[in-house]
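Please read the notes below beside the sequence and the model. They are numbered by topic and meant for someone who has not seen this structure before.

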Amino acid sequence: MAKRRSRANTDYNDPDEASASPPAPSCWLCERPLGQRAEWHHPVPKSRGGRSVVGVHPICHRALHANFTNAELARIGEDVAMLRGHEVLARFLNWVAGKDPDFHVPTARRGRG
């Protein structure tokens, strides 16, 4: 079943706006445009009662789960600024900022010893 999109904010009287393509959706975490592959991330994990989802790059999704447990993600919730401010994740975001939207490499997990 396809999701319905609201057109309430579209101004069809402006010919420049009507002919322009809509902006590409962007990644919730890194804010780069999403590529051919996108994944849905629950800011509050489903196992912790989360229902909302956000679009993210596969590499960004892996980075989130490599650096945070579900309990930590549940405490942080939808506070993306807090996630972006995390030291390791901030370095990742700085590194991935100039990459192509479909760029992907394996993600190393943080040490949990």
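1. Helices (H or I, at least four residues) and strands (E, at least two) are DSSP runs, numbered from the N terminus. By that count the protein has five helices and two strands. Starting at the N terminus, the order of the elements is α-β-β-α-α-α-α.

2. This is a predicted model, in which local features need pLDDT of at least 70 and side-chain atom pairs count only at pLDDT 80 or more, while totals for chains, interfaces and linings use all residues. Residues are numbered from 1 along each chain as its sequence is written, and side-chain values use heavy atoms, with hydrogens and water left out.

3. Buried means under 20% relative accessible area, exposed over 50%, and partly exposed in between (1.4 Å probe, protein chains only). Of the 113 residues of the protein, 29% are buried. The protein exposes about 8100 Å², and 50% of this comes from carbon and sulfur atoms; such areas are computed by the Shrake-Rupley method with a 1.4 Å probe, and for residues only the protein chains shown count as cover.

4. A contact is a case of heavy atoms within 4.5 Å. Taking contacts between residues at least 6 apart in sequence, 57% join residues at least 24 apart.

5. A nonpolar core is a set of buried Ala, Val, Leu, Ile, Met, Phe, Trp, Tyr and Cys residues joined through side-chain atoms within 4.5 Å. The largest one here has 20 residues, of which Leu29, Cys60, Leu83, Leu89 and Phe92 touch the most other members. At least two residues of this core come from each of β2 (54–56), α2 (58–67), α3 (70–76), α4 (80–85) and α5 (87–96).

6. Which residues of α5 are buried? They are Leu89, Phe92, Leu93 and Val96. These residues lie on the same side of α5 because they cover an arc of only 100 degrees around the axis, the arc being that of the directions from the helix axis to the C-beta atoms. An α-helix has 3.6 residues a turn, so residues three or four places apart point the same way. The cover over the buried residues of α5 includes α2 and α4. Phe92 touches Ile59, Cys60 and Ala63, when residues up to four places away in sequence are not counted. On the face of α5 turned away from the buried side are the exposed residues Glu87, Arg91 and Asn94.

7. Glu39 belongs to strand β1 (residues 39–41). Is Glu39 buried or exposed? With 15% relative accessibility, Glu39 counts as buried. Its side chain makes a polar contact with the side chain of His61 at 2.7 Å. A polar contact is a pair of N or O atoms within 3.5 Å; within protein, one must be able to donate a hydrogen and the other to accept it, and residues adjacent in sequence count only if both atoms are side-chain atoms. Beyond four places in sequence, Glu39 is in contact with Val54, Gly55, Val56, Pro58, His61 and Arg62.
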